[in-house]
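Trainee: I'd like to learn how to read a model like this one. Can we go through it feature by feature?

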Amino acid sequence: MSKAQVTSVPKHWCNFLFDFPRYAEHDVPKAAALLESGARRVSVVPQQPLSLVTQSHSTREPYHEIPERLLELYSQYRPTPLRRARELERRLGANARIYYKYEGLNVSGSHKLNSALAQAYYYARAGIEELVTGTGAGQWGTALAHACRLFGLRCTVFMVGASLRQKPQRRAMMELFGATVHESPSDATEVGRKAAQRDPGRVGSLAIATGEALEVAHGGKRVRFAVGSGENCVLLHQTLIGSEAVEQMGALGEFPDHVVACMGAGSNFGGVGLPFLRAARERERSVRLLAVEPAACPKLTRGVYALDVNDFSGTTPINRMYTLGSHYIAPPIFAGGLRYHGTSAFLSAMLADKGFDAMAVPQREALSAGLLFAECEGLLPAPESAHAIAGALDLARRAPEEGPPRVILVNISGHGLFDLSAYERLRADTLEPDSPNEALLSESLRHVQEFNTRVAAAAR
């Protein structure tokens, strides 16, 4: 097993907006902001301190300096390892060299802690006393609960119901760090009660959980909403992953032909991939990014690039993104972190320009890839990360038999130790179907199209 380490944490976040300023401001007609969606409109931007707003919009500098206190906390678990998957290569017999970056070596078990620490730090400095959030599979909720405890903040989490029931250990961990946890949709908010009428099984979605969190945040003076993915500042914090990986692969004399990561709203995908785009330009190399999403929630491969909101209540700002519609409820797959209906506005604009590739993978194929990886490399990946592994295996198997080996880097964004029931169901052949509800999908997409039609009419 080949592995490369760097000895210190990067002292700067990689500001990808400097590299791609044309994607910094999104094409949202003014008419869109004037249309009501049937719920009160509350902007997320005022929820954030100026430091985070600046990080989400500044195109002037190539880097943002990381505060000393955050460097101290990052150094508890970073740099994270980069390793070559030699046993997996032997099993495949393909003309490829496969490397993986592993983000599961911290208390949250995933990459989410990179942004949770940063947000808790900046919110605490701004005088905020409580953070409220929505979480899908629970990695983000766990990370934020831990970060809030470190910075003396209260924490309230709305966790998607299907995922909470699949992995109750996540709730236990959040409560261990002092967080208050609600199963979403809940009876604690108006948003939750309305959502439960459409979703009597309380499967839930991240859009619903986010809507509930926003309602609570809107009602308190020193309470704010914290977002786990999608916002530019979150992608920025995650560039620690790619910046380390660039240096680590360089120490091995390697540069990837492909960088692969799973795609929910985009935090780990952008975090590992965007620094490589900068490095490729500086080194006059080529690299292609591949985003892998679940077939149950295929916003990149079956969604529309359109104006939409980020949450079920319609209170978040309108963005142009690849989306299935905020009313879409995906099947309750175990990769709960990938069940989000939309994608980062920045990454959506990049995909619209064909700046990276995307593929959708069924749950069975993803978990099979994750199990193979565990057998070969001794690490059990989260179901989300298993989707990325499936994408990497596909690239390796399609590598030309002649010529230089295809070099592939895959980001393993978290461990799967709370997801054993998913792998057990795979082995027992009892996984539930994960095909989208076509009627619900069509209804949700129609809602998006009708909203965009109204915006176009208002703009005229």
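Mentor: Let's start with burial: a residue is buried under 20% relative accessible area, exposed over 50% and partly exposed in between, using a 1.4 Å probe and protein chains only. Here, buried residues make up 64% of the 460 residues in the protein. Keep in mind that this is a predicted model, where local features need pLDDT of at least 70 and side-chain atom pairs count only at pLDDT 80 or more, while totals for chains, interfaces and linings use all residues. Residues are numbered from 1 along each chain as its sequence is written, and side-chain values use heavy atoms, with hydrogens and water left out.

Trainee: How many helices and strands does the protein have?

Mentor: Both are DSSP runs numbered from the N terminus: H or I over at least four residues for helices, E over at least two for strands. The count is 19 helices and 15 strands. The radius of gyration is 21 Å, close to the 23 Å from the globule rule for 460 residues, so the protein is as compact as a globular protein of that length. That radius is taken over C-alpha atoms, and the rule is 2.2 Å times the number of residues to the power 0.38. The C-alpha trace spans about 60 × 50 × 50 Å along its principal axes.

Trainee: Among contacts between residues at least 6 apart in sequence, what percentage join residues at least 24 apart?

Mentor: Contact means heavy atoms within 4.5 Å. In this protein, 79% of those contacts join residues at least 24 apart.

Trainee: Let's zoom in. Is Glu 212 buried or exposed?

Mentor: Glu 212, found in helix α11 (residues 206-218), is buried, with a relative accessible area of 0%. Not counting residues up to four places away in sequence, Glu 212 touches Phe 158, Ser 184, Pro 185, Ser 186, Thr 189, Val 191 and Gly 192. With Thr 189 there is also a side-chain to side-chain polar contact of 2.6 Å. A polar contact is a pair of N or O atoms within 3.5 Å; within protein, one must be able to donate a hydrogen and the other to accept it, and residues adjacent in sequence count only if both atoms are side-chain atoms.

Trainee: And what does the side chain of Thr 239 lie 3.0 Å from?

Mentor: A polar atom of that side chain sits 3.0 Å from the backbone nitrogen of Cys 14. Thr 239 belongs to helix α12 (residues 232-251) and is buried, at 0% relative accessible area. Leaving aside neighbours within four places in sequence, the contacts of Thr 239 include Trp 13, Phe 16 and Pro 275.

Trainee: Now the backbone. Which peptide bonds are cis?

Mentor: Look at omega. The bond from Arg 78 to Pro 79 is cis, with omega near 0 degrees, and Pro 79 is in the loop between α4 (68-74) and β4 (82-84). Ser 184 and Pro 185 are also joined by a cis bond, omega about 5 degrees. Pro 185 is in the loop between β8 (180-184) and α10 (190-198), and Pro 185 is among the residues that Glu 212 touches.

Trainee: Which residue has a positive phi of about 60 degrees although it is not a glycine?

Mentor: That's Lys 354, in the loop between α15 (345-352) and β14 (357-361). Lys 354 is exposed, with a relative accessible area of 64%. Arg 202, in the loop between α10 and α11, has a positive phi of about 50 degrees and is partly exposed at 25%.
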